[in-house]
Amino acid sequence: MNPFEMVVIIVALGILGGIVKQYFDSRGDIEASGKERQRMQARIDEMENRIRVLERIVTDDNYDLKRQFRDLDDKK
């Protein structure tokens, strides 16, 4: 094997190694984005629960009555 062939083989192996590394790194990004997606979905679920509680409070008849009493106290 002459030196030129050795250089070509070394360069080819280096390029192939870079491609393989890039492939596995991109797969890691997909998994990370999946984890990020799960975290965001959990946060959305938590916010939906909080909105449900707030809607229940605001639509409660006692809430309106308390607001009316508070408004009367503010007018004094």
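This report covers the overall form, the surface and the side-chain contacts of a predicted model.

## Basis of the model

Residues are numbered from 1 along each chain as its sequence is written, and side-chain values use heavy atoms, with hydrogens and water left out. Because the model is predicted, local features need pLDDT of at least 70 and side-chain atom pairs count only at pLDDT 80 or more, while totals for chains, interfaces and linings use all residues.

## Overall form

The protein has two helices and zero strands; helices (H or I, at least four residues) and strands (E, at least two) are DSSP runs, numbered from the N terminus. The radius of gyration is 32 Å, well over the 11 Å that the globule rule gives for 76 residues, so the protein is more spread out than a compact globule. That radius is taken over C-alpha atoms, and the globule rule is 2.2 Å times the number of residues to the power 0.38. Along the principal axes, the C-alpha trace spans about 100 × 20 × 10 Å.

Two residue pairs give distances along this form.

## Surface and exposure

The accessible surface comes to about 7400 Å², and 61% of that belongs to carbon and sulfur atoms. Accessible areas come from the Shrake-Rupley method with a 1.4 Å probe; for residues, only the protein chains shown count as cover. Of the 76 residues, 1% count as buried. Buried means under 20% relative accessible area, exposed over 50%, and partly exposed in between (1.4 Å probe, protein chains only). By these cut-offs K35 is exposed, with a relative accessible area of 59%, whereas D25 is partly exposed at 39%.

A nonpolar patch on the surface is formed by I9, L13, L16, V20, Y23 and F24, with about 600 Å² of accessible area together. Patches are made of residues with over 30% relative accessible area and no salt bridge; like charges are joined within 9 Å, and nonpolar side chains (Val, Leu, Ile, Met, Phe, Trp, Tyr) within 5 Å.

## Aromatic pair

The structure holds one aromatic pair. Y23 and F24 form this pair edge-to-face, at 5.3 Å centre to centre and 70 degrees between the planes. Rings of Phe, Tyr and Trp (its six-membered ring) pair if their centres lie within 6.5 Å; planes under 30 degrees apart count as stacked, over 60 as edge-to-face and the rest as tilted.

F24 is placed in helix α1 (residues 3–58). F24 counts as exposed because its relative accessibility is 52%, while Y23 is partly exposed at 46%.

## Salt bridge

There is one salt bridge in the structure, defined as a side-chain nitrogen of Lys or Arg within 4 Å of a carboxyl oxygen of Asp or Glu. The side chains of R39 and E36 meet in it, at 2.6 Å from N to O. R39 and E36 are three residues apart in helix α1, so about one helical turn separates them. R39 is partly exposed, with a relative accessible area of 45%, and E36 is partly exposed at 35%.
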